[in-house]
Amino acid sequence: MSRTTTTPCLWFASEGEQAAQFYTGIFPSSRIVDVTRYGPAGPGPEGSAMTVTFELDGTEFVALNGGPADFSFNEAVSFQIHCADQAEVDRYWERLSEGGEEGPCGWLKDRYGLSWQVVPDALTDLLGDADPGRAQRAMEAMLSMKKIDVAAIERAAALSG
């Protein structure tokens with residue numbers, strides 16, 4: 001029986017290879033798997049990357065240099081990074097937002113316009129807390145942040161209502 005897989009394909013005008021190098025330099029256990037280059041028939045410049053297959057911590061992606069288009073990345077599609085602690089949040093936030101744009105509630109756009117959600121496990125746990133007051137206070141704290149500050153959310157959740 002064959003195995004069906006789903007691989008996100010990211011459309012870039014021409015910077016897919018650079019983006020793949022950028023991403024694989026951030027995530028552990030990541031690598032560029034394959035680069036397919038344009039030949040003389042084009043449509044891209046001969047020898048330039050057409051597709052770049054890469055893995056981010058075991059998840060496969062494809063970067064396609066499809067040329068300029070009337071569309072671009074937006075927040076309708078984003079990738080979540082589940083972080084064990086504040087140190088991971090800080091590391092991913094700094095690296096991915098460099099040259100990009102910080103957004104609210106742990107969201108950012110990287111230098112290529114791709115949206116990421118940098119989510120500490122503690123936030124997920126607190127938002128799902130059995131005590132609705134703790135969950136609400138955690139939510140209110142998160143809504144005031146750009147990069148998530150785990151200690152500040154934990155302090156807010158711990159306040160008595």
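Me: Where is Ser29 found?
Reply: Ser29 sits in the loop between helix 1 and strand 2. Helices (H or I, at least four residues) and strands (E, at least two) are DSSP runs, numbered from the N terminus. The model is predicted: local features need pLDDT of at least 70 and side-chain atom pairs 80 or more, while totals for chains, interfaces and linings use all residues. Residues are numbered from 1 along each chain as its sequence is written, and side-chain values use heavy atoms, without hydrogens or water.

Me: What is the phi of Ser29, and is the residue buried or exposed?
Reply: Its phi is positive, about 50 degrees, although Ser29 is not a glycine. Ser29 counts as exposed because its relative accessibility is 60%; the cut-offs are under 20% for buried and over 50% for exposed, with partly exposed in between (1.4 Å probe, protein chains only). Cys105, also not a glycine, has a positive phi of about 55 degrees and lies in the loop between strand 6 (101-102) and strand 7 (107-109).

Me: Which peptide bond is cis?
Reply: The bond from Gly42 to Pro43, with omega near 10 degrees. Pro43 belongs to the loop between strand 2 and strand 3.

Me: What is the strand order in the open sheet of four strands?
Reply: The order is 1-4-3-2, with mixed pairing; two strands pair if DSSP finds at least two bridges between them. Strand 1 (9-12) and strand 2 (31-37) are the edges, each pairing on one side only. Strand 1 runs parallel to strand 4 (residues 59-65) over four bridges, and Cys9 stands opposite Val62 in strand 4.

Me: Which residues of helix 5 are buried?
Reply: In helix 5 (residues 150-158) they are Val150, Ala152, Ile153, Ala156 and Ala157. They lie on the same side of helix 5 because they cover an arc of only 165 degrees around the axis, taken from the directions from the helix axis to the C-beta atoms. Arg155 and Ala158, on the other side, are exposed. The buried residues pack against helix 2, strand 8 (115-120), helix 3 (121-127) and helix 4 (132-143), where contact means heavy atoms within 4.5 Å.

Me: Which residue caps the N-terminal end of helix 5?
Reply: Asp149, with a side-chain oxygen 3.2 Å from the backbone nitrogen of Ala151.

Me: Where does Ser97 lie, and what does Ser97 touch?
Reply: Ser97 is in helix 2 (residues 86-97) and is buried, with a relative accessible area of 12%. Leaving out residues up to four places away in sequence, Ser97 touches Tyr92, Glu102, Leu108 and Lys109.

How values were computed. A polar contact is a pair of N or O atoms within 3.5 Å; within protein, one must be able to donate a hydrogen and the other to accept it, and residues adjacent in sequence count only if both atoms are side-chain atoms.
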